[in-house]
Every structure is written in C-alpha cells, then in structure tokens.
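Subject: A structure for you to look at

Hi,

Here is the structure I promised to pass on to you. Please open it and have a look around before reading my notes.

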Amino acid sequence: RYRLRDSLAQRLDIGVADADELLPVPAEPLRQVLVALLRNAFDASRADQRVALRVAAGDGVRVEVVDHGRGMSEDEVARAGEPFYTTKPAGAGLGLGLFLVRAFADQMGGTLRLTSTPGQGTSAVLQLPAKP
C-alpha cells in the first residue's frame, strides 16, 4: 500500500550503504515517514526531475531525500514542519507531512534537518540513533 506509482518509482534514485545496525524504531511508522518525505520531494519536483533517497549507517542511520524542485526560502524552511503549514497550492496538502516526520524523529531521539536553495531544490535529512 506504500508503493510509489510506476511513474514516480522510475524517477527515484536509491543509494543504500551497508547497514549492520538495527534501528530501534517500529517499521510501519518509519515507512510512513519515508513516504511523506518522498511525496514532498516528488510534489516539489517537475515530472522530468529525479529524486534521490540515500540511506547510510554510521552513528545510527541517516536517511536523506533530495529533490531538485523549486526550493524554499529561509523563512519557508524555518516554518516547514509546523502543523498545517505548507508551501503547496491550496488543496494540494494539509501541511502535516513534515510535522509528523519531525515528531517521529523527536520521539525516536533523532533529528530532521532541512536545507534548501530557491530554484535548486531541498534536502531532508532524517538522523536516527543506533540501537543501544
């Protein structure tokens, strides 16, 4: 039920580093978080633009989703993650996706960091700690 439409899956670049660590997080909420990040990235991108999903292990697990969409201003980045705040056109989003991702990160002892450049795209990095 969390599959991407074929048209989106064809535009997704996935890079996964070796990960021997187990995450102390429930699988279903993690899937929902990843889908929310990917949906935002695809929504921000044109149909001919690719989106990257990179997963790496180290001191925990780092998940990065990168789009090449319109990007966000500093003010938009500062507000992203507030409940009901969205940069999408009216009716295209509720403004809860990044709020839920940030809440999940906080609950798991991790972080969500957004970096963005107007006209060039956005990177969302979810950092989750290793299992103790």
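Predicted model: local features only at pLDDT ≥ 70, side-chain atom pairs only at ≥ 80, totals over all residues.

Residues are numbered from 1 along each chain as its sequence is written, and side-chain values use heavy atoms, with hydrogens and water left out.

The whole chain

The protein chain has 4 helices and 5 strands. Helices (H or I, at least four residues) and strands (E, at least two) are DSSP runs, numbered from the N terminus. Starting at the N terminus, the order of elements is α-β-α-β-β-α-α-β-β. Of the 132 residues, 38% are buried (buried means under 20% relative accessible area, exposed over 50%, and partly exposed in between, with a 1.4 Å probe and protein chains only). Take the contacts (heavy atoms within 4.5 Å) with a separation of 6 or more: 60% of them join residues 24 or more positions apart.

How do helix 2 and helix 4 meet? Helix 2 (residues 27-44) packs against helix 4 (residues 97-107) at an angle of about 140°, and their axes are 9 Å apart. Axes here are lines fitted to C-alpha atoms, for helices over the stretch in contact, and angles run from 0 to 180 degrees between N-to-C directions. The pair is therefore oblique (under 35 degrees counts as roughly parallel, over 145 as roughly antiparallel, 65 to 115 as roughly perpendicular, and the rest as oblique). On the helix 2 side, the contact is made by Pro 29, Leu 30, Val 33, Ala 36, Leu 37 and Asn 40, and on the helix 4 side by Gly 97, Leu 98, Val 101 and Phe 104.

Thr 86 is partly exposed, at a relative accessible area of 28%, and touches Gly 93 and Gly 95, leaving aside residues up to four places away in sequence. Thr 86 lies 12 residues from Leu 98 in sequence, and their C-alpha atoms are 9.1 Å apart.

Phe 84 sits in the loop between helix 3 and helix 4 too. Phe 84 is exposed, with a relative accessible area of 62%, and has a positive phi of about 70° although it is not a glycine. Most residues other than glycine have a negative phi.

Enjoy exploring!
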